[in-house]
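Subject: Structure for you to look at

Hello,

Here is the structure I said I would pass on. Please open it beside this email and follow along.

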Amino acid sequence: MQLSTATKMRARSLGWSEETIARIEASPLRDATVTNICAMRIPEERVRGFLDLVDKDPERMQNITFNFIRTRSERGVKAHRSERGLLLKDINVGSYGQVPDRWPYENDTPRGSHPSPDNYAPGSYFIYDKVEVWAEGVDELYEDAIRDRWIPATDLDWANGLAELPTEIERAVCQLATLYSGHGLVEQKIIAKWLEPISYGFHDVKLFLGTQIYDAGHKVEALRKRALANGGGLGQAPLGALYRAWYGALKFTEMVTALDVVYKAYELTLFEAYADFAKTDVERTLFGNLARDSRRHLEYGKRHLLWYLQHHPRGRENVKFWLGRAEAALSIELRYSHPEREALALLFAGDVERIQAGIERLRRLREKQLADYLAVLSEVGIDRLPDVSRHLLQIAEDPLAV
């Protein structure tokens with residue numbers, strides 16, 4: 001085999017002797033393979049050791065190509081860790097941090113690499129546009145989720161943090177645990193459904209959504225444990241009207257609008273308020289942890305909505321329509337889910353005799369939920385008050401309105 005002039009020049013620049021070059025030409029190695037060896041900048045003595053292997057088994061060794069060395073991927077990139085460790089944002093440098101507006105590959109090609117021309121099997125993806133999924137800083141939200149992970153089995157003081165409660169109070173706590181764990185289970189299913197279609201090039205988003213699926217599992221696990229740990233038991237199942245907006249979403253952004261913006265805004269305010277009426281230390285810690293998770297989910301929803309509004313040609317019109325659908329589903333859940341509102345009113349009151357005071361505190365909660373939701377939309381440039389669901393307005397005035 002005669003080496004090309006270019007390959008010989010590469011070999012000589014590495015200090016390989018004419019004797020070694022002649023030995024290579026007498027071997028069954030291909031010119032392309034030698035070019036790849038040159039690209040690895042292997043010194044001559046190691047090349048000779050490799051040639052000894054070739055001489056011992058020429059038939060097998062001639063099939064080695066080292067073609068992985070030749071790639072269009074950016075080389076020489078060295079990520080530098082930040083104070084918190086080596087984060088996703090630290091490795092999103094050079095071409096590896098460039099997220100295209102439209103992902104060009106249908107298979108599992110990682111961002112920054114290039115597909116093998118000999119093995120290109122299209123995958124099940126159908127979301128290729130960045131505008132459909134992206135949120136600024138989603139890589140940092142993922143790192144926050146990993147850092148904030150918690151273990152319901154051991155991070156809640158099941159041994160000392162529970163106390164015997166009056167029957168009606170224990171049943172109210174367990175009723176809410178039943179409802180919100182049910183929401184968590186559906187949340188898991190919905191996000192998992194959308195995870196697969198998102199192209200591999202947007203792996204940052206896929207990683208974050210994986211943490212939200214895990215967080216939803218926490219919700220299911222921890223709330224079911226609370227319902228069964230203190231002599232109460234599960235209560236009535238959720239009404240489920242809320243889920244219509246989640247299951248019925250035809251676009252990923254529509255689902256995020258319904259779940260991670262509309263619902264999460266209401267959920268976060270509720271979970272944060274739970275500290276005002278929690279009856280045991282377990283509930284205080286439990287709902288504090290759930291609130292922290294919900295805050296992160298809402299942050300992704302808010303950031304994605306902002307990106308969508310800024311980059312989609314019909315962003316504002318689409319979002320207005322989706323908000324209307326999601327608000328309608330949420331208002332039905334709040335109006336007709338008697339177990340939730342009555343359990344909340346009872347916990348606020350502390351006992352049946354003061355239920356009227358509990359209803360008033362529930363009204364203030366509904367009012368704050370609506371205000372916080374409108375504030376979230378205001379942060380992304382949406383003045384929703386003129387168009388918000390009239391039923392949500394009614395509920396903020398009278399939590400027992402139907």
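Helices (H or I, at least four residues) and strands (E, at least two) are DSSP runs, numbered from the N terminus. Residues are numbered from 1 along each chain as its sequence is written, and side-chain values use heavy atoms, with hydrogens and water left out. This is a predicted model, in which local features need pLDDT of at least 70 and side-chain atom pairs count only at pLDDT 80 or more, while totals for chains, interfaces and linings use all residues.

Empty space

Rolling a probe the size of a water molecule over the atoms shows where empty space is left. The search runs on a 1 Å grid over the protein atoms alone: a cavity is a set of points where a 1.4 Å probe fits but cannot get out, and a pocket is an open set with protein on both sides within 12 Å along at least five of seven lines. Lining residues have an atom within 4 Å of a point. Grid points are joined across faces, edges and corners, and a volume is the space filled by probe spheres set on the points.

The largest pocket holds about 190 Å³ of space. It is lined by 14 residues, and Arg171, Ala172, Gln175, Pro339 and Ala343 are the closest to its centre. Helix 9 and helix 15 (338–349) each supply at least two residues of that lining.

The cores

A nonpolar core is a set of buried Ala, Val, Leu, Ile, Met, Phe, Trp, Tyr and Cys residues joined through side-chain atoms within 4.5 Å. Buried means under 20% relative accessible area, exposed over 50%, and partly exposed in between (1.4 Å probe, protein chains only). The largest core has 94 residues, and Tyr180, Trp246, Phe252, Tyr300 and Tyr373 have the most contacts inside it. Helix 12 (residues 252–273) supplies the largest share of this core, 14 residues. A second, separate core of 15 residues includes Ile37, Phe50, Leu51 and Val54.

Leaving aside neighbours within four places in sequence, Phe252 is in contact (heavy atoms within 4.5 Å) with residues including Ile127, Trp194, Leu209 and Tyr300.

Salt bridges

How many salt bridges does the structure hold? There are 35, each being a side-chain nitrogen of Lys or Arg within 4 Å of a carboxyl oxygen of Asp or Glu.

Glu25 pairs with Lys8, and their closest N and O atoms are 3.4 Å apart. This pair links distant parts of the chain, with Glu25 in helix 2 and Lys8 in helix 1, 17 residues apart. Glu25 is buried at 17% relative accessible area, and Lys8 is buried at 16%.

In the salt bridge between Asp204 and Arg111, the closest N and O atoms are 2.7 Å apart. Asp204 is in helix 10 and Arg111 in the loop between helix 6 and helix 7, 93 residues apart. Both Asp204 and Arg111 are buried.

Lys302 and Glu299 meet in a salt bridge of 3.3 Å, N to O. Because they are three residues apart in helix 13, about one helical turn separates them.

Regards
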